[in-house]
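Have the structure open while you read.

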Protein chains: 2
Amino acid sequence: MSTYEASLASAAAFMERHERFLVINHVNPDGDATGSLLGTGWLLRQLGKQAVLVNEGSTPEKFGFLPGAEQIINASRAEKPEFDAVITCDCADFARIGDVKEWLPLGMPLLNIDHHPTNDLFGTDNLVRTDAAATAEVLYDLLTYMKQPIPQEMAVCLYTGLLTDTGGFRYSNTTPHVMEMASALLACGVEPAPIAERMLETITKAHVRLLQRALQTLVLRDTDQTAYLTITAADMEQCGAQNDDTEGLVNYARNIEGVEVGILYKEVASDKVKVSLRSRSIVDVAAIAQSIGGGGHVRAAGCTVHGTLADAKQIVEQKVSAALASQEASV
Amino acid sequence: MSTYEASLASAAAFMERHERFLVINHVNPDGDATGSLLGTGWLLRQLGKQAVLVNEGSTPEKFGFLPGAEQIINASRAEKPEFDAVITCDCADFARIGDVKEWLPLGMPLLNIDHHPTNDLFGTDNLVRTDAAATAEVLYDLLTYMKQPIPQEMAVCLYTGLLTDTGGFRYSNTTPHVMEMASALLACGVEPAPIAERMLETITKAHVRLLQRALQTLVLRDTDQTAYLTITAADMEQCGAQNDDTEGLVNYARNIEGVEVGILYKEVASDKVKVSLRSRSIVDVAAIAQSIGGGGHVRAAGCTVHGTLADAKQIVEQKVSAALASQEASV
């Protein structure tokens, strides 16, 4: 039996052994956190168990269509329920459950279901596969191991987790197993189009307003290999925008044909600028971000510059130009 | 043996029987037309046959990364090659091959591989499955039937066809079989991320320029249930835009949260306006388009108004408002 198979067996036994579960996902839950939370709830009830599903705060409205979403309680507004075991979903470490941790007595049995490479195995039991694309995929492994049926409602939750954590099956974590799982879930009655539309295509009014303004600031440089957009603090305020509303804006710069590096400068205060960097296939933007005190991945990184927008542009663009030039020199 | 299985057998026999093939896809080829053309070429060569791949015109640069794309000849600039059999890919009727038809002698054996519901079975042999999401999927059926291996190069071509004709696995034609096929192709060594980026995320400079202008024209009406964008003939000219560059613009209107109907008005001439209509989940935009002499699907339709932009808006918006009002009345 492989280590992973052993952890599947132990997770199954954990669910069998206890009766009243508190199931928790991470603060500011995304599609996978919410989908895997609900999927775990469906599984526990299918096993004849009681399950209370909880998040530190409120679950974003956009997940309201997920079957069972109305049952997720907001810990900040609820009484602590009775439970004798805990399951965490999509949490890389204990702190990710946020203030719900105040509900957990010391020594409580805790099953940690996750896929993050940084997971520190904080549970008394841990079901973690770090090469899974989503926690929903780990849960699917468990369902397969336990030979449990997948009703349509559960399938919708798992599909949503898988879809969102693979960027709509576009990221490199989209493996043959991911697609096999997607196939099986569709066969359970999931309709892919409305979920994709809700999760991947719906944009907020504030996002459209920001996009209107940001596109007016588009600048191409380095012989059109670099494109950048600028959002001022005034833009954010006048558009009624939250942080989430800037999500994806940097891609408009990076996605232009011929562009290698896309940059979004977001003025947080008059002396503080958040910089998002994306590259297509050559430039290591993580190295650039790190050299300015930030971090991230080779193709997606970010940093904060303590200075004005003009300062930030000067610092970042000099480094991006140098990276492009060194590439050209090495070709 | 089912009818479809019989057509798979006959398509396999067709390929075995002949030696020198001319393989043709449709005018203005998309990802599926190009991917299935190249996939057919890879299969024929694997069977030890000769294959000349041809399009009426030039193959768009964005498909240049597909393995073998450099072998596709442009009929308008080439001498007619020698061949004794023809295969058409992704063509619903004979006219779709465009001027290449002048190369085809009467009575030439022709295998028609396609998935369009409107396919009129124009071949001497026809391999058509109208519930397939892509011609690439039909070709995959044939490969499975023939027990042919799928080298990575062929897999990249088929994956691209499947990806583009399902809108990146977002359309309702994304079936369990589509995902199974995607899984199998990924297992052949396809890297999903770079293909998705090239096919689905790259935008032209002219598209960005049009988007800049179009977003400035955004209007919400019908208590924010309708959103519309306007592109003038001058915008098109000043942005250096082709027809393709307006693709997807209407979605920015439709994708705004709470919007049911998204509309793009595109002024073609001072007395001619093309109208694109998209709805989210309630309004039948095909019915609206039909009532103005156009057509399409329930959620995506279009029509041409012979009049000014103001005329077009008046005609269309009255109908959209009425459709929304009748929905509300019926709820």
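## Where the chains meet

In this predicted model, 39 residues of chain B are in contact with 39 residues of chain A (contact means heavy atoms within 4.5 Å). Together they bury about 3,800 Å², with carbon and sulfur atoms giving 58% of that; buried area is the accessible area (1.4 Å probe) that two parts lose on being put together, summed over both. In chain B, the residues losing the most area to chain A are B:Arg170, B:Met179 and B:Lys205, together 19% of what that side buries.

Charges meet here too: the rule finds 10 salt bridges across the interface of chain B and chain A. That rule asks for a side-chain nitrogen of Lys or Arg within 4 Å of a carboxyl oxygen of Asp or Glu. One of them links the side chains of A:Glu197 and B:Arg254 (3.6 Å, N to O).

## Strands in chain B

Now for strand E9 (residues 261–269) of chain B, where seven of nine residues are buried, that is, under 20% relative accessible area (1.4 Å probe, protein chains only). Strands are DSSP runs of E, at least two residues, numbered from the N terminus.

Which strand pairs with E9(B) in the parallel sense? Strand E8 (residues 226–231) of chain B does, over six bridges; pairing takes at least two DSSP bridges. Here B:Leu229 stands opposite B:Leu264 in E9(B). Strand E10 (residues 272–279) of chain B pairs with E9(B) in the antiparallel sense over eight bridges, and a hairpin of two residues joins E9(B) to E10(B).

## About the numbers

Residues are numbered from 1 along each chain as its sequence is written, chains are lettered from A and ligands numbered from 1 in the order in which they are written. Local features need pLDDT of at least 70 and side-chain atom pairs count only at pLDDT 80 or more, while totals for chains, interfaces and linings use all residues; side-chain values use heavy atoms, leaving out hydrogens and water.

Definitions and conventions: Buried means under 20% relative accessible area, exposed over 50%, partly exposed in between (1.4 Å probe, protein chains only). Helices (H or I, at least four residues) and strands (E, at least two) are DSSP runs, numbered from the N terminus.
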